[in-house]
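I opened this model to go through its fold, its cores and its chain contact. My notes follow the order in which I looked things up.

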Amino acid sequence: MVAGDAAIRLEAVTKVFPGSTAAAVNELSLDVPPGTLTALVGPSGCGKTTTLKMINRLIEPTSGRIVVDGTDVRDRPAHELRRDIGYVIQQVGLFPHQTVATNIGTVPRLLGWDKQRVRDRVAELVELVGLDERLLRRYPSELSGGQQQRVGVARALAADPPILLMDEPYSAVDPIVRVHLQDELLRLQDLVQKTIVFVTHDIDEAIKLADRIAILAVGGVLEQYGAPEELLRRPANEFVEQFLGRERGLKRMALLKVSDVPLSPGAVVPAEATPAEAKEVMGRFGVDWVGVLEGDRLRGWAAAGDLDGLERVGDAPLERFVSWVTPGTALREALDTIVTTRTRAAVVLEDDRYLGMVFIEQIAEGVE
Amino acid sequence: MTRAVLAADAKSFLWWDWVDDHYDEIWQRTLEHLRLAGLALVIGFAISLVLALVALRFRRTYAPITWVTGILYTIPSLALFAFLVPITGLGTLTAEIGLVGYTLLILLRNIVAGVDGVPASVKEAADGMGYTSWRRVGAVDLRLATPTIIAGLRIAAVTTVGLVTITALVGAGGYGVLIDDGLSRRFNTPIVVGATLSIAMAVAFDLTLLGTERALTPWARRSRRR
């Protein structure tokens, strides 16, 4: 990566807490590209939260340098730096004595925006994070955990900071709400394109959300840094492999899409084809059915036994395919479709257009 | 029977004729009492606030500060006034030194405890949002400590209103003058009037502060709706 490309750059950052001999973070260097979500992942004691807090100077490094948008974070007062960096924490930390609207408007008020501008911005954010605007006048104690976390995100985004730091934001909410919030974050990130640093101990959360994952070992040692797919495909060492856990293939399949594997032309014939031609195709693909095409539309499938004595395959009684996916479908879901419908292949369609088929073998090759 | 006890003459428990004749004096003593107690609370709160902020900022000073205010608190009030009169003379100043001194420990402790009780996550979020440390103290820490601080003020207020009756001894006025007068003449009525009004004033202070707390902490009353 070219110098200056990173939105956040850590240069040999070390933190030794007073009274401790071991480093919490050790000579950590890391470039976070702008507009991406980078997850810091590791077991407890790996210094991931410490690292995060050094970016907004809630913790000052013992040595090393942190550069945000080209300037050293120590070049200006900490409170000014922090107003330009959104911050979301696990316990949310909403101000209990302020209404939701006042909470969200915190940083704009600190920046001295006038009242009307703050109000307009709050209204905008409520929509952005999908909150009911009737909640604006409530106090945080009147909200559910999921609502509180949404308010926390809205508050962090209030002054439209280029950078967002999130410290295990979803580990205190129940699993169903967590999945919702994760999906919302992905949707939100599509819209706002912030540089997000996300701390979590949950590798699956990191795989789901992150563009890049940094895996840290105890003592703040960087074990591997790269795209989730890359980590799953080629773990740098045993520690990373263990941390990624079992079912690495399945996890990768969740990241890869049907469009990432070469499609098979599939066991299909045009409606005008003869039964003999159809049987030849079935034989080639080792199936006892054949898809019937009319132009680029797939009309359905015919069973081998129904073809005898027909002139054209199109005259056979056709069944609809139940096992179909789109190029954007995750491989893992495609596999699930194949397995649960007990076929060997799934039809790949895009806007009703037939693109081909994906067989279990191709999924396996893609994950190789 | 009741009339005989309550209203018959100067020997009775409460002689209304005396009360009727002394409305002006009772009113004057009330104002003096109110002023002495109110001033002591305001000054005591201001000093405690400064001490608390120092103790919160420089944690090591908390123990010595509590130690000094604790000693002040334990000095018997009569002894303290007796000690002060040769230095500061008779009057309001002497009274206030003593009264203020007795409020410090309670107020200081409650302010510090209140701020300590603010959830760490809230403080961390405030820092992370970019509050300067003093602004955070004012806008977040002290606001959230309000219930605990007012709890301290209520104790201090009730104690102080009672204690003001003693400051009559140093010539500062208040209901103590009435009580003193009654004691020296073996005359019940002023004692009963002074003591009763003093109690009433303590209750009034308490209720006012309770109302103030309610008004200042609207968030505390909303029930959890989910």
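**Entry 1: overall form of chain A.** I note at the outset that this is a predicted model. I counted the secondary structure of chain A and got 14 helices and 16 strands. I then checked the radius of gyration of chain A, which is 26 Å, against the 21 Å that the globule rule gives for 368 residues. The value is well over the rule, so chain A is more spread out than a compact globule. Along the principal axes, the C-alpha atoms of chain A fill a box of roughly 85 × 50 × 35 Å.

**Entry 2: burial and contact range.** I looked up how much of chain A is buried: 41% of its 368 residues count as such. I also took the contacts in chain A between residues at least 6 apart in sequence; 62% of these join residues at least 24 apart.

**Entry 3: a sheet in chain A.** In what order do the four strands of the open sheet lie? I read the order as S2-S1-S4-S5 in chain A, with antiparallel pairing. Strand S2 (25-32) and strand S5 (71-72) of chain A are the edge strands, each pairing on one side only. I followed the pairing of S1 (residues 8-15) with S4 (residues 63-68) in chain A and found five bridges between these antiparallel strands. Within S4(A), Val68(A) is the residue that stands opposite Ile8(A). Helix H1 (residues 48-55) of chain A packs on this sheet and touches S1, S2 and S4 of chain A. I noted the angle between the directions of H1 and S1(A) as about 120°.

**Entry 4: nonpolar cores.** The largest nonpolar core has 124 residues. Those with the most contacts inside this core include Ala39(A), Phe198(A), Leu108(B) and Leu153(B). Helix H6 (residues 92-116) of chain B gives the largest share of the core, 12 residues. I picked Leu153(B) and set aside its neighbours within four places in sequence; Leu153(B) is then in contact with Leu41(B), Phe45(B), Leu107(B) and Leu209(B). Another core, of 33 residues, lies apart from the largest one, and among its members are Val292(A), Leu331(A), Ile338(A) and Val367(A).

**Entry 5: contact between chains A and B.** I found 20 residues from chain A and 18 residues from chain B in the contact. On the side of chain A, the elements that give two or more residues are helix H2 (78-83), strand S6 (85-89) and helix H4 (106-110). H2(A) gives the most, with four residues. By type, I sorted the chain A side into eight nonpolar, eight polar and four charged residues.

Conventions. Residues numbered from 1 in each chain as written. Chains lettered and ligands numbered in written order. Predicted model: local features only at pLDDT ≥ 70, side-chain atom pairs only at ≥ 80, totals over all residues. Pairing = 2+ DSSP bridges. Contact = placed C-beta atoms within 7 Å. Axes fitted to C-alpha atoms, helices over the stretch in contact; angles between N-to-C directions. Core = buried A, V, L, I, M, F, W, Y, C linked by C-beta atoms within 7 Å. Buried ≥ 20, exposed ≤ 12 C-beta atoms within 10 Å, placed from the backbone. Nonpolar A, V, L, I, M, F, W, Y, C, P; charged D, E, K, R; others polar. Rg over C-alpha atoms; globule rule 2.2 N^0.38 Å.
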